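Here's a quick briefing to read alongside the model. Have a look at the structure first, then work through the points below.

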Amino acid sequence: MAQKLWMQRGKRTLHTAACRVRRGGREHPPSLFDVKGVPAETAREHGNFLSPPFGRVAALWHLREEEISCSGPLSQKQAEYFLSQQASLLKNDETKALTPASLQKELNNLLKFNPDFAEAHYLSYLNSLRVQDVFSSTHSLLHYFDRLILTGAESKSNGDEGYGRSLRYAALNLAALHCRFGHYQQAELALQEAIRIAQESNDHVCLQHCLSWLYILEQKRSDSCVLLEHSVKKAVHFGLPYLASLGIQSLVQQRAFAGKTANKLMDALKDSDLLHWKHSLSELIDISIAQKTAIWRLYGRSTMALQQAQTLLSMNSLEALNLGVQQNNTESFAVVLCHLAELHAEQGCLAAASEVLEHLKERFPPNSQHAQLWMLCEQKIQFGRAMHDGRYHMADSLVTGITALSSLEGAYRKAIVLQAQNQTSEAHKLLQKLLVHCQKMKNTEMVISVLLAVAELYWRASCHTIALPVLLQALALSREYRLQYLASETVLSLAFSQLILGIPEQALNILHMAIEPILADGAVLDKGRAMFLVAKCQVASANAYEPQKKVEALESAILNLNEAKDYFAKVDCKEQIRDVLYFQARLYHMLGKAQERNRCAMLFRQLHQELPSHGVPLVNHL
């Protein structure tokens, strides 16, 4: 599912709330992070809304590493160089930065000799975010703004306005921090304080940042789209292209979930891309391409998603590289690499998927801020392999890890395992709870997946007529929101229901609606299921044919079963291969081909001994 990584997961990744503030004729991002985890700029650019002077030391990049040791008192330039270097590494290539513990030790040494070094407190704040330490990050952030006020860093140049500026941006940063950790009530209180101070100072730029964060906090409300559109217009009016572009991308994501057509969404992203290239916003170019990858996967167009992923991976950054830093060690690249791993796994290229995951582990170590993306991706791929292989006990053990990273994905997969283990009552209760939750959260993609799982439970209970309204509801939702691939899967399930109800001819007719998108963009497992279902319908329809035509239909069904078996073999789906072999043996027996029948029967027996049946009739599952 494309929600997957990052359209939510608010499918979560590409939705950003980072804003920029104008200072000295330039626009700078306010924070290292946003609520969805989209990376921000370098520490000077997004280290804070007040832009600490990390950039003044750009000419010092050639200094040797031993010149910046923090074991003793450092000069001002040495300290600034050290902070600039680490801030840049945290943003661009976290693997080359000091470990969280080592960096904190060095920062503590700096602060021991100069407790009022505000920028050191801010880097300590960024470092605490790496390990999700809410107490230390809040403590360091407050110390940073306290030092700005106490040392007069702002008020010396701006008078009373500098003091008020520090206060309102301190409140805004605090709101962003609480939002990152999911403390939405505290975030709203801090945001209200920032809005109050900004209104008193008539600071329209700060108010614009507040408006963007207000959308983040209220995005589940029905009028949030209006709020976001107003934010984009205001950002354009005040000349904030970074913020305007982020607003456009958030609108695109929201409208994708609302079922808008892909061409309209891509036109909107094209407009934001013009802003990116005009203002050389390298980071937003990457985010835009990652957004397109997620959108195409949401709509079930895996080929287009693969193309966008490859486009981003082959691009060169617009920003200069320093100290051997890889500019592409950002969340956008983590997102597309996870998509790439899942796409390869879906096509049965498990070795390639493993290579991509290994590359992700090297680029984003477990202690890095984006490691959870590949952790979830890896767990989902392993879960799929275990289910395909019939190792339900192993799949069940993986559910715990998935739940720790995504409670929604974990609950859905737990229900799938219970269903496969024939624990229908427990699975049905869990799916009903999940359905209510997803409907409340307006997660349409997951709602459709749950409905399909509920329909399969009804098949297993031989309640085929009850499954039909559920499938029709899923089909209506998938077509309303233009989720083409889910619509094809639903039609596949409807065809299976019609086969069970004794109307295979009609099932064959509607299969033509679903099989083309599945063969074009579907996972290998779904291709195999589709061809297997076609063969079943052909066999069921052949009973009414003349003898010669019946033989031709059975031979055609055998060819389709061979194709289905090849697809299942690519993903090592032994249970489905066993079912195919059973059908083939029966068909060869009907055609009087004893040698082929015996071969299929022998292979079936071997798999049946390895994977004993759980008591579900073969005809009752797709």
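Let's start at one spot: at 40% relative accessibility, Q310 counts as partly exposed, a label for values between buried (under 20% relative accessible area) and exposed (over 50%), using a 1.4 Å probe and protein chains only. This is a predicted model, so local features need pLDDT of at least 70 and side-chain atom pairs count only at pLDDT 80 or more, while totals for chains, interfaces and linings use all residues. Residues are numbered from 1 along each chain as its sequence is written, and side-chain values use heavy atoms, with hydrogens and water left out.

**Around Q310**
- You'll find Q310 in helix 14, which covers residues 302-313.

**The whole chain**
- There are 28 helices and 2 strands in the chain; these are DSSP runs numbered from the N terminus, with helices being H or I of at least four residues and strands E of at least two.
- Of the chain's 622 residues, 58% are buried.

**Helix 4**
- Helix 4 runs over residues 118-130, and its 13 residues reach 19 Å from first C-alpha to last, close to the expected 18 Å (1.5 Å times one less than the number of residues).
- It's mostly covered, as 13 of the 13 residues in helix 4 are buried.
- Just after helix 4, Q132 has a positive phi of about 60 degrees.

**Aromatic pairs**
- The structure has 8 aromatic pairs, meaning rings of Phe, Tyr or Trp (its six-membered ring) with centres within 6.5 Å; planes under 30 degrees apart are stacked, over 60 edge-to-face, and the rest tilted.
- Y122 and Y125 have ring centres 4.9 Å apart and planes at 65 degrees, so this pair is edge-to-face.
- Both Y122 and Y125 sit in helix 4, 3 residues apart, or about one turn.
- F532 and F583 also pair edge-to-face, because their planes are at 90 degrees, with centres 5.5 Å apart.
- F532 is in helix 25 (residues 524-541) and F583 in helix 27 (residues 574-590), so the pair ties together parts 51 residues apart in sequence.
- One aromatic cluster is made up of F532, F568, Y582, F583 and F604.

**Charges over rings**
- K536 lies over the face of F532, 4.4 Å from the ring centre; the rule is NZ of Lys or CZ of Arg within 6 Å of the centre and within 35 degrees of the ring normal.
- K549 has its charged end over the ring of Y545, 4.8 Å from the centre.
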